[in-house]
Amino acid sequence: MDKLEAMNAFVKVVALGSYAEAGRTLGLTRSAVSKAVMELEQLLGARLLDLTTRRVSATEAGLAYYESCVDVLARVEETEMQVSRLHDEPKGVLKLNAPVSFGVLHLGPLIAAFMAQYPDLKIELTLNDRFIDPIEEGFDVTIRIGVLADSSLIARKLVPARRVFVAAPEYLKTAGTPRGPEDLAQHRCLNYGHTTTLQRWQLVSEGETINVAINSVMCSNNGDVLRAAALAGQGIAKLPTFLVGPDIKSGRLMVVLREYPPTELGVFALYAPNRYLAAKTRLLIDFLTARFGERPAWDDRA
């Protein structure tokens, strides 16, 4: 195994915390990956990795070498792409992760269009609603929706994610239409989250963010489930327009409390902070940003 291949194997071991996982990702045996790391350690005269009962972790010297390797490998890839004009025709595998609902409704069709534009590129798209570590799980780009906390990852906002309070006409006919934030406590609320004990919603009133009490009768970590409950007349839901825009346009759901909207979120693309961003990653992010636009189609009449 040459030095660049050994460096790539070492980077995968650090990122995934496992010789075996690194081997599976690279299509190598565990012993081949271990041998590559040992050769690097002998060459450098320093121990790069510590092996515990649970996972492999980098030593202090290993972390410093890892950062250098990531930079070198990205630079090599960038140079190869320039030479072979892969900026226009990228090749290889691009691994993506995204939330389920957004991925099915909006990301999937755009990925298909992106593939048509770059036919030599292979896509691995994984959809789930759990919080993942993109670097540890080996994703090139991770799509997240929300207000992002501080992170070592680079985040680029693709498009706003506006939310609205919605309910079925049948529900509002029976329960009445809330006129102000305080009325939510008297209504059945369908809440995004993992527990019905989350009894407050954030919304904007005269430019200020306020917390109001709600009566949460259902919770779910999937927006499609809450949308189905709202369509069935089970209460008021706080959902993104990318999910309920067509329902609002058709009249199946009605927006309430327009003067007091929920706080706005964003759709972000997250990727590792490499100095030299892979062309395939940059092309995808630019493509998605251009296709979504500042006011996405799902916001029309929502």
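A: Of the contacts in the protein with a separation of 6 or more, 74% are between residues 24 or more positions apart, a contact being heavy atoms within 4.5 Å. This is a predicted model, in which local features need pLDDT of at least 70 and side-chain atom pairs count only at pLDDT 80 or more, while totals for chains, interfaces and linings use all residues. Residues are numbered from 1 along each chain as its sequence is written, and side-chain values use heavy atoms, with hydrogens and water left out.

The protein has nine helices and 14 strands, taken as DSSP runs (H or I, at least four residues, for helices; E, at least two, for strands) numbered from the N terminus. Of its 302 residues, 44% are buried, that is, under 20% relative accessible area with a 1.4 Å probe, protein chains only.

Lys280 sits in helix H9, which spans residues 279–292. Lys280 is buried but forms no salt bridge, defined as a side-chain nitrogen of Lys or Arg within 4 Å of a carboxyl oxygen of Asp or Glu. The nearest side chain of opposite charge is that of Glu77, 4.4 Å away; Lys and Arg count as positive, Asp and Glu as negative, and His and the chain ends are not counted. A polar atom of the Lys280 side chain does lie 2.6 Å from the backbone oxygen of Val93.

Leaving aside residues up to four places away in sequence, Lys280 touches Glu77, Met81, Pro90, Lys91, Val93, Leu94, Phe114, Leu121 and Asp140.

Note on methods. Buried < 20%, exposed > 50% of the residue type's maximum accessible area, 1.4 Å probe, protein only. Polar contact = N/O pair within 3.5 Å; in protein donor to acceptor, adjacent residues only side chain to side chain.
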